[in-house]
Amino acid sequence: MPKWIGGALCCIVAVIAVSAWWVYNCGFQLKETTYLYIDTDDNVDSISQKIECQAAPESMRVFHLFAGLLNLKDRIHTGRYEVSPQHTMLNLIRNIRNHNEKPIMLVVPSTRTMDAMAGKLANQLMIDSISIKQYLKDEGNIKALGYTKETLPGLFIPNTYEVYWDISIPKLMERMQKENAAFWNEKRVDKLKEVSQYAGEEMTKEKVTTLASIVDSETANNGEKPTIAALYMNRMRKSMALQSDPTVIYAIGDFSIRRVLHEHLKVESPYNTYRNLGLPPGPIRVPSIAGIDAVLNHDKNSYIYMCAKEDFSGTHNFAVSYREHLDNASKYTKALNARGILR
């Protein structure tokens, strides 16, 4: 064989080797990690478009080459997939085929309603809000979770949880059940007996959660919450109506109300604690951890009355006597009038 033929073959082999190495290692021109979200409607073409728009690929031809060789069209899995400067196109395609997705940090907030919770969760997950709302309104699902329509807000413990973006609704609710069980550990359950003694009636987890939702609705100031929790339990122990304005607002369903008037107090509802003794049938919002722990670790005081401070600081004036309370209420009413807050 002539020497020039051998040299040409070596060059060809070298070119093939370099090309193969480049194809195998072809990746992304990224400065930082990004994430590719693949949902149920995606196919190879739509994934290709997402990669091109979001991941600065070195070559989309390489994507289509490996997508074909690895039969990606029949092995697409939903999920959130990491794409880093170190990833190759082959890495990404293999991850999608093998459902090797990266989790998200899901924020479960304290919301006023289950519809609001559905919206907040849907904004972070692949699931749509309508599906979550329907699931949470289905009596069979609610019963299977161990709750009633009224007590369901107590299922959710506001916190941040690591989950997969494409988690199903049943799996998500199963996770919420596990997190709820972990939250109500032996230490918290043991406190129920003391809280029951202070309140003058058996305080179950459901009742503590309901009271915590009222406390949370009264103030965002965590330092005040144990004081307010004790105040309401003082009223319970004395068989006095709780007379909580947030429960009236919840009963009316108009959360824009800033000033509860006498006409509002007439609303017929089991949640109106001006007309009904004791706690309402369930939480008036998803209570916070701080709210629940405020009830379990309540102050011991003699307060019976509270009124928002006239400086609109979000804190309250507390009172033992009705006369003192009227003085506090008068100050607050004057402040509302001065600001023109009529409702």
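**Reading charges, cores and cysteines**

Tutor: Let's start with charges: the count of salt bridges comes to 10. Keep in mind that this is a predicted model.

Student: Okay, how do I read one of them? How far apart are the closest N and O atoms of Lys73 and Asp74?

Tutor: The general idea is a distance test: a side-chain nitrogen of Lys or Arg has to be within 4 Å of a carboxyl oxygen of Asp or Glu. Lys73 and Asp74 pass, with their closest N and O atoms 3.3 Å apart. Then check the surroundings. Lys73 counts as exposed because its relative accessible area is 58%, and Asp74 is exposed too, at 51%.

Student: Which helix holds both Glu174 and Lys178?

Tutor: That's helix 8, residues 169-183. The two sit four residues apart, about one turn of the helix, and their side chains meet in a salt bridge at 3.6 Å, N to O. Glu174 is partly exposed, with 33% relative accessibility, while Lys178 is exposed at 52%.

Student: And which residue does Glu268 meet in a salt bridge?

Tutor: Arg275, and the N to O distance there is 2.7 Å. Glu268 is exposed, with a relative accessibility of 65%; Arg275, at 45%, is partly exposed.

Student: Now Arg285. Which side chain of opposite charge is nearest to it, and how far away is it?

Tutor: Asp216, at 5.3 Å. Since the cut-off for a salt bridge is 4 Å, Arg285 has none, even though it is buried. You'll find Arg285 in the loop between helix 12 (245-252) and helix 13 (289-296).

Student: Which backbone oxygen does its side chain reach?

Tutor: The one of Ser110, at 2.9 Å. Leaving out residues up to four places away in sequence, Arg285 touches Ser110, Thr111, Arg112, Pro153, Ser213, Asp216 and Ser217.

Student: Let's move to the nonpolar side. Which residues of the largest nonpolar core touch the most other members?

Tutor: The general idea first: in soluble globular proteins, nonpolar side chains tend to be buried together. Here the largest core has 57 residues, and Leu121, Leu125, Phe156, Leu172, Met173 and Val295 touch the most other members. The largest share of this core, seven residues, comes from helix 11 (residues 225-237). Apart from it lies another core of 22 residues, including Cys26, Phe28, Val44 and Tyr81.

Student: If I click on Leu172, what does it touch beyond four places in sequence?

Tutor: Leu106, Leu121, Leu125, Ile127 and Ile167.

Student: What about cysteines? How many disulfides does a search of the whole structure find?

Tutor: In general, a disulfide is a covalent bond between the sulfur atoms of two cysteines. The search here finds zero.

Note on methods. Residues numbered from 1 in each chain as written. Predicted model: local features only at pLDDT ≥ 70, side-chain atom pairs only at ≥ 80, totals over all residues. Heavy atoms only, no water. Disulfide = S-S within 2.5 Å. Buried < 20%, exposed > 50% of the residue type's maximum accessible area, 1.4 Å probe, protein only. Lys, Arg positive; Asp, Glu negative; His and termini not counted. Polar contact = N/O pair within 3.5 Å; in protein donor to acceptor, adjacent residues only side chain to side chain. Contact = heavy atoms within 4.5 Å. Core = buried A, V, L, I, M, F, W, Y, C linked by side-chain atoms within 4.5 Å.
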